[in-house]
Amino acid sequence: MFMISRNLELFVVEKCPTCLKTEEELSTYAQGRTDVTLEVINITGGESKKITIVPALFIESVLFSYGEIDFNKLTLALGD
């Protein structure tokens, strides 16, 4: 069976407790999956994709969610 790898991008800023918590949880989630790659992008001092609310999670460059992640919805979005 051919497995498609999905690219997740998490946009965060420094000194954001929710960003830190979300990054830790998402990193753990991604480590348990062979079909996911995670890139954490710190946008402190710059702008990227004109993001104003963090953390922001994108799947394949499409916005999935802002704030804390609902991992049940994420799993469904990834096709499981």
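**Labels and their cut-offs**

Visitor: Why is F11 called buried?
Guide: F11 has a relative accessible area of 1%. Buried means under 20% relative accessible area, exposed means over 50%, and partly exposed lies in between, with a 1.4 Å probe and protein chains only. F11 is under the 20% limit, so F11 is buried.

Visitor: What kind of model is this, and how are residues numbered?
Guide: This is a predicted model, in which local features need pLDDT of at least 70 and side-chain atom pairs count only at pLDDT 80 or more, while totals for chains, interfaces and linings use all residues. Residues are numbered from 1 along each chain as its sequence is written, and side-chain values use heavy atoms, with hydrogens and water left out.

Visitor: What is the strand order of the sheet?
Guide: The open sheet has 4 strands in the order β2-β1-β3-β4, with mixed pairing. Strands (E, at least two residues) and helices (H or I, at least four) are DSSP runs, numbered from the N terminus. Two strands pair if DSSP finds at least two bridges between them.

Visitor: What makes β2 and β4 edge strands?
Guide: Strands β2 (36–42) and β4 (62–66) each pair on one side only.

Visitor: How do you know that β1 pairs with β3, and in which sense?
Guide: Strand β1 (residues 6–12) and strand β3 (residues 56–59) share 4 bridges in the antiparallel sense. The definition asks for at least two bridges, so β1 and β3 count as paired. Within these strands, F11 stands opposite A56 in β3.

Visitor: In which sense do β1 and β2 pair?
Guide: Their pairing is parallel, over 7 bridges. Here V12 stands opposite N42 in β2.

Visitor: What makes β1 largely enclosed by the rest of the structure?
Guide: In β1, 5 of the 7 residues are buried, so the strand is described as largely enclosed. Helix α1 (residues 17–31) lies across β1, β2 and β3, and runs at about 165° to β1. Such an angle is taken between N-to-C directions on a scale from 0 to 180 degrees, with axes fitted to C-alpha atoms, for helices over the stretch in contact.

Visitor: How many aromatic pairs are there?
Guide: The structure holds 2. Rings of Phe, Tyr and Trp (its six-membered ring) pair if their centres lie within 6.5 Å; planes under 30 degrees apart count as stacked, over 60 as edge-to-face and the rest as tilted.

Visitor: Why is the pair of F11 and F58 called edge-to-face?
Guide: The ring centres of F11 and F58 are 5.4 Å apart and the planes stand at 75°, so the pair is edge-to-face. F11 lies in strand β1 and F58 in strand β3, so the pair ties together parts that are 47 residues apart in sequence. F58 has 8% relative accessibility and counts as buried.

Visitor: Why is the pair of Y29 and F71 called tilted?
Guide: The centres of these two rings, Y29 and F71, are 5.2 Å apart and their planes are at 45°, so the pair is tilted. Y29 is in helix α1 and F71 in helix α2 (residues 71–77), 42 residues apart.

Visitor: Are Y29 and F71 buried or partly exposed?
Guide: Y29, at 16% relative accessibility, counts as buried. F71, at 22%, counts as partly exposed.

Visitor: What makes the contact between R33 and Y29 a polar one?
Guide: A polar contact is a pair of N or O atoms within 3.5 Å; within protein, one must be able to donate a hydrogen and the other to accept it, and residues adjacent in sequence count only if both atoms are side-chain atoms. The side chains of R33 and Y29 make such a contact at 3.1 Å. R33 is found in the loop between α1 and β2 and, at 14% relative accessibility, counts as buried.

Visitor: Which residues have the most contacts inside the largest nonpolar core?
Guide: They are L8, L26, L57, L74 and L78, in a core of 14 residues. The largest share, 4 residues, comes from α1. A nonpolar core is a set of buried Ala, Val, Leu, Ile, Met, Phe, Trp, Tyr and Cys residues joined through side-chain atoms within 4.5 Å.

Visitor: Why is K15 called exposed?
Guide: K15 has 84% relative accessibility, so K15 counts as exposed. K15 is placed in the loop between β1 and α1.

Key:
Contact = heavy atoms within 4.5 Å.
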